[in-house]
Amino acid sequence: MNAAGQGPVAGTDLGALTGLRSGKRSFYPAYVRSTERLERAVEALDGISRALVRSAEGPRALVEAVVRAAAEHLRARRLLLAVADGALRAARPRFLLLADDVLIDDETRLPADVRAHLTVLRTRPWEAESADGGDGWVRAPMTLDDEPVGGIAAQPGSGLEVADTDLAILRVLANQAAVALHNSYLFHSATRLRGRTEQLSEAAARQARDLAARSAELAETQARLVEAMQRQALDDERHRIARELHDSVTQYVLSAGMTMEVCRAELAAMGDPVAEIAGRLAAAKDLNRQAVERLRAAIYALHHTADEPPGPLPVMLERLSSVHLQSDLEVRVRVAGSPVPLPPRAEQSLLRLAGEALFNAGAHGGAGRAVVRLAYRPDTVVLSVSDDGTGEPAQLRRALRLCRAADLSGRHRGLANMLARAEELGGSLSIRRARLGGIQLRVEIPLPVPTDPEASDDH
């Protein structure tokens, strides 16, 4: 003891830390035993640390690690960790026995004395606190938030004196095992929740894709409905044109027939009034010409609309070839080069040029075959229509020059219209002898084509 009286205080602190009193002769042996306990306590705490970091591996791995750490600290032959009924519901297994380094979780394999401790830990965990139950076993409760949730029961190794520090270590192990089991449950719950969230996200993505697909189907259905309505409108217009044909064009044809019949009867009954009959025949011829012109306009109106052609030019030419303006005219379409999109009015003009040429080949040239060629070149687009009819290129070129200078009572107006269409597109029209033997009408248009050429005269 020093002058300041610090001796007794220091001795008290040492006794509190080591469980020894320095005044005893057995101080040194007791000190050695205390040192050994402290070393084992440190090893146990290290075991606790190694056990607790295994929470992510699941409850089973955690329970096994805690059991082994506690058994190693007590050098126990048998050690039991059990969770109380109704506590830590997600903990699996509910109990685990380490006996001679063998882990057992089957209750039917438990010895009777172990089963008795299991009953206490399961049903009465608040009674788990006891240093010695009279059978050489020690127990420590397992608490979570100050509530008993199970405990540890151990049979220490022979020759090991169980001290309060050992029981404290056992309680720390048990309590931290409870916390770790609870955290493991939360961890795996979060993992399952994250997995569920990912599944929901994937389901939402699938639903979004389904909605997009359905929206696309709806848009396509709406487009088809609009197309059907347009076709219905075109059909109504065709019916209107048909009525016009019946009410007007047919009357011209009937009048022409009646006039020619009167002329025929008079010519047969009379002598030689040639002039009067010739005049009547001329009038009948004019009526027939008007009928043919109106019929041609009606046919074109039935097969074409004033809007943009519903498709690229090669496709529309194929469709045109299937429209038999004359039943005995065989039409073939050939396309060369890579098709390029043209302005809608340009494609419509070229389509009508081809239709006019085919009509002339069948109606006026007596052709049985025709070939439509469409060639896409780097700087031009060339459309040609060739036939095997009886037409003369020189006569048609001369007629084209004359009809441009003066209107020949509507004759060859189709040729004039074709030339006008070609020139409006910045191109040229030529007429020559075809290899098939008839007429070849050739239109060449420079690229690029003006985006909005003026509509040509369809009359």
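Select R139 and A153: in β5, A153 is the bridge partner of R139. The model is a predicted one, in which local features need pLDDT of at least 70, side-chain atom pairs count only at pLDDT 80 or more, and totals for chains, interfaces and linings use all residues. Residues are numbered from 1 along each chain as its sequence is written, and side-chain values use heavy atoms, with hydrogens and water left out.

Strands are DSSP runs of E with at least two residues, helices are runs of H or I with at least four residues, and both are numbered from the N terminus. Two strands count as paired if DSSP finds at least two bridges between them.

Now display the whole sheet, an open one of five strands in the order β3-β2-β1-β5-β4, with antiparallel pairing. The edges are held by β3 (102-104) and β4 (138-144); each has a single partner strand, so one side of each is left without a neighbour in the sheet. From one strand to the next, the twist averages 15°.

Between β4 and β5, select D146, which is placed in the loop there. Its phi is near 65°, a positive value in a residue other than glycine. Most residues other than glycine have a negative phi, and most peptide bonds are trans. D146 is exposed, with a relative accessible area of 76%. Exposed denotes over 50% relative accessible area, buried under 20%, and partly exposed in between (1.4 Å probe, protein chains only).

**Helices across this sheet**

Select α3 (residues 59-74), which lies across β1 (78-83), β2 (95-99), β3, β4 and β5 and runs at about 40° to β2. Contact means heavy atoms within 4.5 Å. Angles, from 0 to 180 degrees, are taken between the N-to-C directions of axes, which are lines fitted to C-alpha atoms, for helices over the stretch in contact.

Which residues of α3 are buried? They are A61, L62, V63, A65, V66, V67, A69, A70, A71, H73 and L74. The end C-alpha atoms of α3 are 23 Å apart, which agrees with the 22 Å that its 16 residues should span at 1.5 Å a residue. That expected span is 1.5 Å times one less than the number of residues.

Step on to R75, in the loop between α3 and β1. R75 has a positive phi of about 50° although it is not a glycine, and R75 is exposed, with a relative accessible area of 55%.

Move to another open sheet of five strands, ordered β6-β7-β8-β10-β9, with mixed pairing. Its edge strands are β6 (330-336) and β9 (428-433), each pairing on one side only. Here the twist averages 15° from one strand to the next.

Select β7 (residues 369-376) and β8 (residues 380-387): they run antiparallel and are joined by seven bridges. A hairpin of three residues connects β7 to β8. In β8, V381 is the bridge partner of Y376, and S384 stands opposite R373. β7 is mostly covered, with six of its eight residues buried.

On the β6 side, seven bridges join β6 to β7, and these strands run parallel. E330 stands opposite R369 in β7. The chain crosses from β6 through α8 to β7 in a left-handed β-α-β crossover. A right-handed crossover would be one whose path from the first strand over the helix to the second runs clockwise, with the strands pointing away from the viewer.

**The nonpolar cores**

Select L313, L317, L350, V372, L383, L429 and V443, which touch the most other members of the largest nonpolar core, a set of 38 residues. The largest share of this core, eight residues, comes from α8 (residues 344-363). Such a core is a set of buried Ala, Val, Leu, Ile, Met, Phe, Trp, Tyr and Cys residues joined through side-chain atoms within 4.5 Å. Not counting residues up to four places away in sequence, L317 touches V333, L351, A354, V372, L374 and L383. Apart from this core lies another, of 34 residues, including A70, A140, A154 and L160.

**Last stop**

Finish at L447 and P448, joined by a cis peptide bond with omega of about -5°. P448 lies in the segment after β10.
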